[in-house]
Amino acid sequence: MPVTKPVVALTPLWVVAGLAMGPAVALGLARFAYALLLPPMRADLGWSFADAGMMNTANAAGYLVGALVAAPFGKRLGDKRVFAVSLLSTALAVGASGLTATFSVLLALRLAAGFTGALAFVSGAGLTSAAAVGGSKSRAPTLLGLYFAGAGIGVTASALAVPPLLGMVGWRGGWLVLGALALAATLFGALVLRHAPEPSYASAGSARGGWSPRFMACKLLAYGLFGAGYIAYATFIIAYLRSNEGFSGPGITRFWSIFGLASVAAVFVWGPILGHLKGGWGTAATLGGVMIGAAVPLLWSAPAGAYLSAILFGGCFLAVIAAVTSFARRAAEPHAWTAAIAALTIAFGVGQCIGPVLSGALADGPNGLQAGLWLSVGILAIAVVVAALQPEPAVQL
């Protein structure tokens with residue numbers, strides 16, 4: 001009798017939507033929403049742009065340390081437990097940022113939110129990679145895109161909730177609102193965990209490996225450059241639109257909402273495309289869109305230019321993460337997926353530590369915020385070239 005291949009039960013989409021609360025909190029609320037609060041915080045606390053950039057550098061430094069320990073934590077404690085606890089911790093750190101005006105304490109809270117946010121992000125990506133097993137060729141990129149689109153959901157929620165309230169509650173109240181949103185997202189994320197498959201890890205006695213950092217060198221470098229390049233835009237674009245383009249509260253709400261919605265909608269566009277692009281071309285294509293999106297508001301000084309920038313940048317920057325993670329799934333054995341994703345996140349975190357400091361220092365110079373944003377465009381252009389050099393694995397692991 002012929003041997004029938006066992007049918008793999010596909011994880012429902014709503015489970016991945018719940019896991020997407022990881023990037024919604026870690027990225028959308030804990031990191032990107034800081035851009036909405038930066039202008040009133042600078043005005044109230046007398047910060048320079050370098051000071052403001054240091055806040056996101058602290059967040060990125062915590063993120064880097066979290067990425068370094070995410071895979072060992074997941075192996076020892078289980079990705080589900082790490083995901084739930086770190087998500088809750090990130091939400092609490094975000095809300096606590098509204099309870100102090102002391103620079104060092106705010107810095108520590110940004111550091112803590114970055115650390116726990118990375119644990120939630122990496123463990124959630126590992127859970128989503130396991131959930132994406134089976135189905136068509138485009139299923140994995142689409143589900144990973146849905147997971148990372150959680151950041152866009154967080155951005156959209158912050159855009160709708162924070163700017164309209166800033167005049168009444170100030171930046172402190174803004175952090176409290178973000179904390180409340182993060183707690184709600186944490187609850188949803190925790191509820192789906194019982195239905196999510198746990199990623200596999202190599203046994204203690206098995207050989208170390210399952211993926212090759214040397215083979216993925218171009219991918220790692222391109223992802224690090226992406227981390228350095230995109231963060232300048234994410235940190236300072238709102239301040240630029242307010243000071244250089246005269247955007248008011250309603251305009252900022254529209255811009256940030258378009259940004260978030262574009263990143264969510266792009267999941268359904270990029271998923272099938274990434275399923276067919278080999279090697280580094282998926283990453284190069286998405287990085288190219290991010291680069292163009294970052295350049296548009298500098299070349300076209302008009303509200304329409306800003307909104308086009310939100311569509312292009314928002315519609316591509318999360319797709320970069322999906323493209324990189326999708327490649328990692330093809331280049332690594334299943335037991336090494338979380339480790340490979342963690343290594344990529346480390347490279348990303350190193351870039352994020354460098355980007356805000358450099359762009360903030362340039363923004364304090366004679367050319368203002370434009371100089372810092374042009375730095376972002378230049379770094380992203382280099383990342384496109386490096387990503388295109390990444391070959392496809394000869395054998396799909």
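Q: Is Leu 88 buried, partly exposed or exposed?
A: This is a predicted model, in which local features need pLDDT of at least 70 and side-chain atom pairs count only at pLDDT 80 or more, while totals for chains, interfaces and linings use all residues. Residues are numbered from 1 along each chain as its sequence is written, and side-chain values use heavy atoms, with hydrogens and water left out. Buried means under 20% relative accessible area, exposed means over 50%, and partly exposed lies in between, with a 1.4 Å probe and protein chains only. Leu 88 has a relative accessible area of 39%, so this residue counts as partly exposed.

Q: Leaving aside neighbours within four places in sequence, which residues is Leu 88 in contact with?
A: Leu 88 lies in helix α5, residues 79-96, where helices (H or I, at least four residues) and strands (E, at least two) are DSSP runs numbered from the N terminus. Contact means heavy atoms within 4.5 Å. With the neighbours within four places set aside, the contacts of Leu 88 are Leu 183 and Thr 186.

Q: Which residue forms a salt bridge with Arg 330?
A: A salt bridge is a side-chain nitrogen of Lys or Arg within 4 Å of a carboxyl oxygen of Asp or Glu, and by this rule the count comes to one. The closest N and O atoms of the pair are 2.8 Å apart, and the partner of Arg 330 is Glu 392.

Q: How many residues apart are Arg 330 and Glu 392?
A: Arg 330 sits in helix α14 (residues 303-331), whereas Glu 392 belongs to the segment after α16 (368-388). The pair therefore links distant parts of the chain, and the separation is 62 residues.

Q: Why does Arg 330 count as buried?
A: The cut-off for a buried residue is a relative accessible area under 20%. Arg 330 counts as buried because its relative accessibility is 16%.

Q: How many of the ten residues of helix α7 are buried?
A: Helix α7 covers residues 139-148 and is largely enclosed by the rest of the structure. Its buried residues, among them Arg 139, Leu 143 and Phe 148, pack against α1, α2, α6, α8, α12 and α14. The number of buried residues in α7 is eight.

Q: What is the radius of gyration of the protein?
A: The secondary structure comes to 16 helices and zero strands. The radius of gyration is taken over C-alpha atoms, and the globule rule is 2.2 Å times the number of residues to the power 0.38. For 397 residues that rule gives 21 Å, and the protein is as compact as a globular protein of that length because its own value is close to this, at 20 Å.
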